[in-house]
Structures are given as structure tokens and as C-alpha cells.
Amino acid sequence: MRILLTLLAKDFAILRRNRGALVVSLLVPMLIIYIVGLVFGLGRTDSGPTGIPLAVVNQSNNPAAQILVTALQSQKSFRVLTKFVNPDKTTRPLAEADLRPMIRDRQFSYALVIPRDVISDDRIGLRLKILSDPRNDIESQMVNGLLQKTIFSNVPQLLGQSLQARAKKYLGDPADDAFNQAIVRDIVATFGGNPDVILANIRNGDFGFSQLGKRLHSSPTAAGSSTNADDDVLSRLVSLETEQVVGKDVKSPTATRIVGGYAVMFLLFALSASATAFFDEQNAGLFQRLLSSPVSRGQLLWSRFLYGVLFGLIQLVALFFAGHLLYGVDVFGHLGGLIVICASVAAACTGFGMLIAAITRSPQAASSLATLLTITMSACGGAWFPISFMPEFMQHIAKFTIVYWAIEGFNAVLWAGETFTQLLPILGILLGTTVAVMTIAVWRFNGSKIFE
Amino acid sequence: MLSLRSVTKRYGTLTALDDISLEIARGEFFGLLGPNGAGKSTLMSLVAGLRAPNAGTLALDGTPLTTTDPAGRAALGLVPQQIALYQELSAEQNLHIFGSLYGLRGPTLRARIDEALAAVQLTERHRHPVKTFSGGMQRRLNLAAALLHRPKLLLCDEPTVGVDPQSRNAIFEYLERLNRDGLTIIYSTHYMEEATRLCSRIAIIDHGKIHALGTLDELLTRLPFVDEIAFPVSPATAAFAAALAAHGDLSDSTDDIHRFRPRADFKLSAFYALAETHAVPARVFSHQRPTLEAVFLHLTGRRIRE
């Protein structure tokens, strides 16, 4: 027993000394639990997506249409954009013609157009138009569901008005009025109530759809699924005309996103592992041997950087080819752009790996820090789930991760089919990140003892 | 050939090398002896261009050695203390890489690799990964990798650590042959017998300073050591010991042995005559010459270094 306890104590003593192992075994899972919890709304007073940019163009003069806009603005899921900002910073209301270029320009992915004829005597129900860039399947479905829910919950009066207009057109005013009077009589006879108030409500389009909306609002399946009768009724009354602005010809959008996200995560893992090789070479005396030959520190560092970029490029392209073979991701249609963006992502990831090696003092520390940052960046950057599912502060953090910009780049090429010129902003961010992390890494390496 | 002028190297508040000046001539087999932390590795790393001195200059054949001039290091070969080889690669691949870094190409590189493998007796294993080699084989390849480009100066930093006697002997013979062929070697070691066997000149370094420098004989004679005669402490030798005290230094030791260091004017014949007078037989005496280890311990002390 004493021997067992001694051996047990030894293992815990080693663990206590190995901070890296503690980080990986405790801190990383805690962080993952925290992030996944945030995504699923745990610990938040509200759940679901937050702050998804939604452009709204209201062409209708109907007051109820403005009620819909106001309702959308009150939704925390959306950040409603109604103004177009001119180059001189002046603004004007957004027009439908603005939407498509702005969607292609990634300023937002969803837009709602409330047309002048939102209600018409030609048809029953409302006509609304949704323009979208559904590069993210899950987010897109969520947005559609939220839009429907908001419409159903907040503009029942529009639906009633639509029915009234349609009835008037077919029946004519006298017959329609007689029809309404007959309904009022039946309601009063069955349920009681003031016939004048009921008639005024009916003429004004208030058929009690708001009650359906409330029931729908409280339904657990409200977020987009059409599984109950209320939802079904309302969805028949609202004509949502949809137009996919970007990615219409993409065969496998989900695979495109998933392959990109996971490819960059595994690239980060691979390059972080290669960062620990710095310490292996140091411990083996290889740096001494190499630097006592006509090899400079700069050559040593940049050869490692180039190796990382080429390795990363090969890995990313290979994974996208695997995505092509397995799920039909369209690689060959965008090969040039894909290689450019993959090389930029590989450069940024290599720089990240070298920075890890430069700021840590042991392979264990490098490995632990790399694991922590890779998993955090992957989770926050959108490799696992859309960033709109996270709280807003996390969405801001996401934009400081390589993973986020890598996925943006892959989507821009494979989903939106953007040209090299259109890719320049993303390439600029990735290459700027590379320059920044490599500058710090080289500076740290020059001051460190790893080469001595 | 190698010239160090007033070289000082500090790590924070620790002075690892303190105003060292040293000249090493072409063809020398120069030994660097010192306890742990004495400054040997720092000195080697400065010569190898891995670190820069805080003060002073280093030059090889008049060309300054710096960390920023890789070309100046082309004439050097370093055998690091560690097995500085790519373990996953074969012996041949390792030699190919290190040879290429020195600008060797094509048939010349091929010939040098074959020559090096033969010299360290690894020709038959040239395609095997280094990680499958024994410690001795790895040490031999470690040495070969530093010689492909035929350096003028070879720096060996404890190159025989953990090596079996056969491999150690093979390394010694190879180094001796290279030195006979004109290669200048600086050899850092803890092992006195290695320095005694190999080195034509030795520097004993401690606390960043050179405490002694010269050939083995010079070190032994210049230091305050003379021959020492030892005999057992016993009633039979007590009177003889008392008589000897007038003719030199006599010390009792804890292991019941008298150690007598005669004065210069006390002849060996007089010593034996005195022994005969006190009926002490000659067979109890043992005559000891001072060793390099004795010199080393005298200069660097017996305190264990961390």
C-alpha cells in the first residue's frame, strides 16, 4: 500500500510541475464548455443568434409595415440597417437596388424588402421579399425562421387588411359589408360582445391573428419550424419571396463551410506541433550545429516559415480536394483563388505557430498554449458553428482570429466566386496578420536563447 | 590560427568569461578543462559564432568571428555535446544535409559522405535511420558530420559522453589521425585521461578565467608539486616518519598512509639510507608522480559544482 501511495504521489507531483498538462486537461475543456454553453444560450438571459445584420427596405406607406420594421429593430437577433451611407458620410434610406451589390460586398447577408404592394386586392396575405447570401446554412435557416416569427407575431393586422381587400374586390363593397355584418351577428350570438366594436375590428383587418401570433411566439418550435397548425395557417398567408443573391450555383454549401473551418483548425494544430519541433532541435543541439555552419538565424527562421506555408498549402488544398471527392465541393471552378487564399491562410497559421514557439520556453508550454489558442480560435472564429450564435462580444473577438478570416476567405472563393480583386481585403487581413505575428516572432527569437 | 583578445562574456550579473586572451596555433590539439559552469561551453560557443562577446575579439586566421557573419564560420566544424542529428533520417541523409550547408554538391559531396562514413565505420549502416543506432554509433556520426567540409578548426564539446570504450577509442584514433594530418582541434572534456592522451596543450579554466595553460609536462612542473612517496602508518614506521619530518613535508592522511614530499636537496639515496637505518623495508614505499587530475583539483578545488 505504501508503495502504491508513493507512486501515486509521484504522479501528482509530476502533474503539479507540468503546468502545460494542467492547462490542457482543465483550462481547455472549461473554455470549450463555456463557449458551447454561450452558443446554446446557457448562462444568458436570452439565447439564439445576436446582431445579425439585416437590411430592411420599406417601400410601403401602410402604417402596419412600419410596425414590422420597428418589431424587427427590437429583435436582439438582428441589427437592422435602413440607411445607406454615402461616401461623404451623409445617409439616405436604403433602396432595393442597393441591396444586391451590398450583399455581394459582404456588408450584410440578409435583406427584407417590404414592397409597395405588401398587401393587394389581387391575392390573399402579404407579399414580402427576402434577399440573402446563405453562405452559412444554419444561420440562414435560423434567420428565415426568425423573420417569419417576427412577421407573424407583429403584423397580424396586415394579414386581416389583406383578406378584407381581397374580399372587397371579389364581392364588391355592399356584398362585402353584408358579409361582415353577418359574421358580426354570428359572433355576437355565439360569444357575445359589442357588435359595433367587432365590426370596426373586422373592417380594420383585426381577425384575432394576433392571438395566433402570441401562441406561435410562445411555442417551443417557433424558431422557424412549421410543425403546428398556427404556423401552417400563417405561413400560407405570408408570401415570402426569396432571392439568393450569392452562391446560387454552389452544389454543396454546407460542405464548403465545414471543410474550410475544420481544415484551418487542423492546420493550426499541425503547425503548432511543428512549433514544438523548435525546442526538440534546440535540445538536440541541432541549432548549435546549424548556426556554427554558414547558416544565419534569419535563414533558419525563414526556411521554417516557408516549410510551414508549403505544408499548410498542401494540407488545405488536399482537404478541399477530399471535400470535392466526398461532398462535391467545387474546387476546380475556383482553383486559382483557392490556392491564393490557402497560401495566405497557411502563412498566417505558420506565423501563429512560430509566435507560439517564440514566446514560450519549453515544448510543453508551447504545446499547451497552442492547444488552448487553436481550440479557442476555432470555436470563436466560426469553425464549429456560426459566430452569430454567440454573444456580441464573442462576435467581436472572432474578428481577431485567423480562423474567422480563413473561413471568410474560403467562402469568398468557393461560395461567392469572388475575383482576386474582390479577395484583396481578406488577403490583406491575412497577410497583415502574418507580417504582424512574424515580426513579433522574429523579434522574440532574436532575444531568446533558443539558438544558443 | 585562433586568437582571442580580452574576451569577456556576461549573462546578466554572471561573468562567464572574464578577460580571456588565448592563442591557438595551427595543428594544435588543444584541451579545455574545467568543472561544470567554468566557462568552457561559453568559450566554445563564442568561437563557434553562436554567441557574441560583451567585450574583446575573436579571429580565425585574422578574420573576425562574429554571430552575424555566417561565411566566416565556414572554416569551423562543431561537434556539439548532444547528438545533433536528425533522428528520423538516415546517416547518409544527415551527412548530405550538413555537407550541403557548407556548399558541397554533386560528386564532391558524395565522395566526402562515403569517406566520412568509412572513417567512422558506418558505411554498412548508411541507409539506416539514426534513431536505430547505438549511442557509440551516433557519437561517431556526430563527429563525421562536423568534418565533411574539411574545416581548419574542429571544436569538440565533450564528444565522448556516454560512449562505450570501443567507440571512444575509435573516436580518439580518428581525431589523432586528423590532428596528425594538420587539423587544429579544440577539445573540451571532463575526462583527464582524454586530455592526457590527446592534447598537446591544455587550458584549465574556472570561474571564467584561465588558471593554467601549457603542455601536460609544463602544467605538472610549473605547479607546486613534486614526487610524493607514500608508506603506511604503523609502529614500525613511526621512528622513520619522525626522522623524515626534518627533510620535507610529511602528512598523515585519514587512510593511514604517510605522504612525504622531500625538499629539493634531499636525495632519494639519503631517503633509502634513512629507511635502512630504521629497519623499514623498501617494499612498503610507493612512489607517485603528480597527475593532471591532481593539478585540476588543486586549481579548481574539491567542492562539487552544480
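Student: How many Å separate the centres of domain 2 of chain A and domain 3 of chain A?

Tutor: The model is predicted, and in it the centres of these two domains of chain A, taken over C-alpha atoms, are 68 Å apart. The domain assignment places domain 2 at residues 166-201 and domain 3 at 253-447, while domain 1 consists of 52-164 + 205-244.

Student: Which domains does chain B have, and how far apart do their C-alpha centres lie?

Tutor: Chain B is assigned domain 1 (2-222) and domain 2 (228-289). Their C-alpha centres lie 45 Å apart.

Student: What makes A:I67 partly exposed?

Tutor: A residue is buried with 20 or more other C-beta atoms within 10 Å of its own, and exposed with 12 or fewer. A:I67 has 14 such atoms within 10 Å, and is therefore partly exposed. A:I67 belongs to helix α3 (residues 63-74) of chain A. From A:I67 to A:M30 there are 37 residues in sequence and 43 Å in space, C-alpha to C-alpha.

Student: What percentage of the residues in chain A is buried?

Tutor: Of its 452 residues, 39% are buried. The secondary structure of chain A comprises 18 helices and seven strands.

Student: Which residues touch the most other members of the largest nonpolar core?

Tutor: That core has 96 residues, and A:L54, A:A111, A:V264, A:V345, A:C349, A:F352 and A:V403 touch the most other members. Helix α14 (residues 335-359) of chain A gives the most to this core, namely 14 residues. Domain 1 and domain 3 of chain A each supply at least three residues to this core. Apart from it lies another core, of 71 residues, including B:V7, B:L32, B:A84 and B:A91.

Student: What does A:V264 touch, leaving out residues up to four places away in sequence?

Tutor: With that exclusion, A:V264 touches A:V345, A:C349, A:A383, A:V403, A:A406 and A:I407. Touching here requires C-beta atoms within 7 Å.

Student: Why are β6 and β10 of chain B called edge strands?

Tutor: The open sheet runs in the order β6-β7-β8-β3-β9-β10 (chain B), and its pairing is mixed. β6 (76-79) and β10 (209-214) each have a single partner strand, so one side of each lacks a neighbour in the sheet. On average, neighbouring strands of this sheet are turned by 15° against each other, direction ignored.

Student: How do you know that β3 and β9 of chain B pair, and in which sense?

Tutor: Pairing requires at least two bridges between the strands. Strand β3 (residues 29-33) and strand β9 (residues 201-206) of chain B have four bridges, in the parallel sense, and therefore count as paired. B:F30 has B:R201 in β9(B) as its bridge partner.

Student: What makes β11 of chain B a partner of β13 and of β14?

Tutor: The criterion is again at least two bridges. Strand β11 (residues 228-232) and strand β14 (residues 286-288) of chain B have three bridges in the antiparallel sense, so they pair. B:I229 stands opposite B:H287 in β14(B). With strand β13 (residues 257-262) of chain B, β11(B) has four bridges, also antiparallel, so this too is a pairing. Here B:P232 stands opposite B:I257 in β13(B).

Student: How many residues of each chain are in contact with the other chain?

Tutor: 12 residues of chain A are in contact with 18 residues of chain B. On the side of chain A, these are five nonpolar, five polar and two charged residues.

Definitions and conventions:
Residues are numbered from 1 along each chain as its sequence is written. Chains are lettered from A and ligands numbered from 1 in the order in which they are written. This is a predicted model: local features need pLDDT of at least 70, side-chain atom pairs count only at pLDDT 80 or more; totals for chains, interfaces and linings use all residues. Domain bounds come from an automatic or database domain assignment. Two residues are in contact if their C-beta atoms, placed from the backbone, lie within 7 Å. Ala, Val, Leu, Ile, Met, Phe, Trp, Tyr, Cys and Pro count as nonpolar, Asp, Glu, Lys and Arg as charged, and the others, Gly among them, as polar. Helices (H or I, at least four residues) and strands (E, at least two) are DSSP runs, numbered from the N terminus. A nonpolar core is a set of buried Ala, Val, Leu, Ile, Met, Phe, Trp, Tyr and Cys residues joined through C-beta atoms within 7 Å. Axes are lines fitted to C-alpha atoms, for helices over the stretch in contact, and angles run from 0 to 180 degrees between N-to-C directions.
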